[in-house]
Every structure is written in structure tokens, then in C-alpha cells.
Amino acid sequence: MRVLGMISGTSHDGIDTAVVEFDVDDDGTALVGAVRHTGSVPYEPGLRARLLAALPPAGTTLAEVCELDTLIGQAFASAAADAIAAAGPVDLVCSHGQTVYHWVEGGRALGTLQLGQPAWIAEATGVPVVADVRARDVAAGGHGAPLVSFLDALVVADAPGTTALLNLGGIANITVVGHDVLAYDTGPANALLDVAVLDRDAHPAGYDADGAIAATGTVDPDLLALLLREDYYAQPAPKSTGKELFHAGYLRSALDEHGREVSTPDLLATLTALTARTVADQLRAHGVTRVLASGGGAANPTMLRMLAEELPGTEVATTDTIGVPPDTKEAIAFALFGWCTAHGLPATVPSATGARGARILGSITPGAGPLRLPEPAAEAPRSLRLVEAPAPAPSGENWGAHVRGRRP
């Protein structure tokens with residue numbers, strides 16, 4: 001089965017896509033995913049500006065929520081059509097959409113909201129769409145995050161020692177795979193860095209590309225100590241957070257309390273060190289022997305250098321070393337979630353999200369024709385191996401072949 005996974009993460013900068021063709025081995029315990037296509041489509045600047053303006057702690061209106069749900073859905077539909085045009089027909093799309101609010105109180109996740117109406121994707125492609133993926137885990141008492149822990153546990157299932165898979169998006173999260181699987185958000189990765197760059201108009205890209213500005217700065221120890229007083233870091237896992245906490249106002253308040261002028265390079269160096277320290281503190285606590293990074297921060301050599309300095313004697317690398325593209329790992333994960341949902345399989349790790357049990361994820365929007373699902377799988381896969389593959393269109397029946405390429 002070919003599945004297109006799609007996600008826009010907490011950096012709110014664009015849509016990552018991955019087309020993966022999944023096959024199960026003869027004994028049904030190992031899953032092989034041939035990665036046929038990966039891509040990334042930036043949000044149109046006007047849409048991104050509207051999205052950022054609507055995020056907490058800013059107020060918004062139901063009218064703006066409705067319009068953003070439509071516009072983001074159309075952007076995902078266009079990205080889906082492009083991915084299918086490049087990779088050939090797919091059987092299913094699994095869309096994360098765009099998180100705009102993650103409701104956490106008293107250490108419990110009470111709700112989560114992702115925009116990007118899946119009907120636009122189904123209409124543009126004619127393919128069934130799995131969406132609203134996080135809500136079921138939250139309804140089962142979990143945090144709805146980090147869902148990627150399911151993929152993480154499968155791709156390093158047979159690895160020796162204790163491996164941590166680290167995602168450095170807007171928020172940093174870890175999956176620790178040893179005797180058990182534990183996963184949670186550790187705190188900000190790029191969230192505060194990005195708002196600092198935007199506030200100070202420090203780079204035309206809107207972020208510290210390659211960590212180049214931070215590399216020229218010096219960490220301010222007093223500001224770092226102030227930032228490390230944040231209560232979130234001491235909360236027990238499982239836990240989740242987002243830009244509801246780590247936003248521009250949060251950083252401005254910290255700088256006001258600091259009370260001294262901090263140059264832009266020094267500020268970015270300090271915020272990079274904050275991510276490295278808070279991640280490393282958690283990894284040390286779990287006795288991690290190897291760290292494999294992905295997400296936008298994995299392309300930031302300054303961040304990886306600071307993390308390695310915090311973890312002497314621990315291997316720090318990217319997920320490339322196990323065949324997982326660092327920049328599209330989460331899109332691949334959503335392709336996996338879609339495959340599991342289509343086959344009637346849960347795709348969560350309760351010890352990672354805190355849910356009462358593993359759950360089948362998402363809601364399905366039918367495509368152009370009748371909804372036909374595969375026979376439920378008898379057994380969940382115990383491992384996943386990803387391989388690169390060319391992208392010729394497959395032969396045979398395919399749910400989306402007769403309508404691919406249409407756009408809203």
C-alpha cells in the first residue's frame with residue numbers, strides 16, 4: 001500500500017510530504033517502507049503571517065479559524081497533488097494538518113486542535129484521507145504527543161543500548177528506546193529562536209539558518225539561568241507543551257526580567273544553549289548512549305555541537321545513520337499512521353503519550369469512490385526498515401489513479 005504522509009509542525013513554516021510504499025515480510029512481523037518521494041512546500045507568506053497572528057496568546061475569531069481551516073486545507077491539497085504528480089498514485093493520504101492550539105492544564109492534555117480541512121485534500125486527489133490524528137490519544141487520556149514515538153520504537157527496535165530519537169522542531173521531543181519506550185516534549189527547540197530572529201529582524205529567512213548567527217555569539221549565563229527556572233522542565237513525564245507557553249511574549253518577559261541589553265548573536269547563542277541543556281538533562285537521566293536527531297534543528301550545526309558538548313561520551317548523530325531522512329521523518333511517520341489505520345492497527349505507544357491504551361488513530365474522509373479498506377492485519381509489525389526507492393507509478397488498481405492531479 002502506498003501512503004502519502006503530510007505534516008506542518010510547530011515551526012509553522014510549511015508542509016512536509018512523504019510517499020511511502022509499505023510491505024509486510026513473510027512472517028508478518030517486520031514492515032518495510034520504500035520511500036518513493038519526500039518534499040517540502042513553504043506556506044505562502046501571507047497565509048503564514050495570518051497563521052502566526054492567530055496563535056496564542058493572541059486572540060482570534062471563529063471567522064478567522066474557519067478561513068484558516070479552509071486556506072490551510074487548500075495548501076495541503078495543493079502539496080498532496082504535487083507529491084502524487086511526482087511519485088505516482090497513492091492509496092491513502094494521512095494529514096496532520098497544522099496545530100494551532102494544544103490545551104494542557106495541570107499536567108494533562110485536555111484537547112488539541114489541528115486546522116487544514118481534509119475534504120480539500122480528498123477533493124483534489126480523489127484519495128481517502130486520514131486526519132484529526134492526535135485527538136483519539138487525547139480522548140484516551142494521553143497527550144496526543146509525541147506520536148512519532150511509534151515510528152521511533154519500530155526503527156530502532158533491535159538496536160543495542162539505550163537510543164534516544166530527538167526531534168528538533170519548534171518544540172523538542174525525545175523518544176527513549178531501551179527496555180521500555182518513553183517519550184515526551186522536553187521544551188523549546190526552534191520556537192524561541194525563531195521569535196527572537198523575527199522580533200529583531202535578524203535574518204530574511206525568519207530563522208537562524210545553519211545556526212550561523214548563534215555561532216558568533218556568547219552564551220549569557222545569567223539569562224540562561226533565568227530561562228532554566230521554567231517550571232515545565234521539572235514536571236514529570238509524560239508531558240507535552242507548545243507555543244501556547246514558549247511564544248514571543250514569554251521571551252520578551254524573560255528579557256525584561258533579565259534587565260540588561262543582550263546582543264542578537266548572544267541571545268541566539270543563549271537560546272540554542274537552552275535547548276541543548278534541557279534536552280541533555282533529560283537524556284542523561286535515562287542513561288542514553290546514542291542520540292539521533294531529526295527536524296529542522298538537525299540541520300543546525302551550532303545546536304548539535306552544543307548538545308554534543310553537554311553529552312560527552314554519547315554518540316550524537318542524525319537519523320540519516322539509520323536510513324530515516326531527518327527533515328521528513330514526521331511526514332514518514334504520518335504515512336505509517338495512515339497505513340496502520342487502514343489495516344485496523346493501533347499506532348500509539350501508551351508509555352510515551354500517557355494514554356490508557358494504544359488506539360487506532362484518526363478519522364477518514366472518503367475519496368472519489370466507495371471507501372474500501374484492506375483486511376485488518378492479524379498482528380502489528382514489530383520493526384520497520386526504511387529504504388530509498390525510485391518513484392515509478394505502480395501497476396494495478398489504485399484508489400486515487402482516476403482523479404489524481406485535480407486541485408481545489
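This is a predicted model: local features need pLDDT of at least 70, side-chain atom pairs count only at pLDDT 80 or more; totals for chains, interfaces and linings use all residues.
1. A word on the ground rules. Residues are numbered from 1 along each chain as its sequence is written, and side-chain values use heavy atoms, without hydrogens or water. Local features need pLDDT of at least 70, side-chain atom pairs count only at pLDDT 80 or more, and totals for chains, interfaces and linings use all residues.

2. Start with how enclosed H6 is. Seven of its nine residues are buried, so the rest of the structure largely encloses H6 (buried means under 20% relative accessible area, with a 1.4 Å probe and protein chains only). The buried residues are Ala191, Leu192, Leu193, Asp194, Val195, Ala196 and Val197. Their cover includes strand S8 (171-177), strand S9 (181-188), H9, H10 and helix H11 (301-310).

3. Now look at one partner. The axes of H6 (residues 191-199) and H10 (residues 264-285) come within 9 Å and cross at roughly 170°. That makes H6 roughly antiparallel to H10 (angles over 145 degrees count as such). On the H6 side, the contact (heavy atoms within 4.5 Å) is made by Leu192, Leu193, Ala196 and Val197. H10 brings Leu267, Leu268, Leu271, Thr272 and Leu274. These contact residues divide into eight nonpolar, one polar and no charged.

4. Which element gives the largest share of the lining of the second largest pocket? H6 does, with four residues. About 300 Å³ of space lies in this pocket. The lining divides into nine nonpolar, three polar and five charged residues.

Conventions:
Axes are lines fitted to C-alpha atoms, for helices over the stretch in contact, and angles run from 0 to 180 degrees between N-to-C directions. Helices (H or I, at least four residues) and strands (E, at least two) are DSSP runs, numbered from the N terminus. Angles under 35 degrees count as roughly parallel, over 145 as roughly antiparallel, 65 to 115 as roughly perpendicular and the rest as oblique. Ala, Val, Leu, Ile, Met, Phe, Trp, Tyr, Cys and Pro count as nonpolar, Asp, Glu, Lys and Arg as charged, and the others, Gly among them, as polar. On a 1 Å grid over the protein atoms alone, a cavity is a set of points where a 1.4 Å probe fits but cannot get out, and a pocket is an open set with protein on both sides within 12 Å along at least five of seven lines; lining residues have an atom within 4 Å of a point. Grid points are joined across faces, edges and corners, and a volume is the space filled by probe spheres set on the points. Buried means under 20% relative accessible area, exposed over 50%, partly exposed in between (1.4 Å probe, protein chains only).
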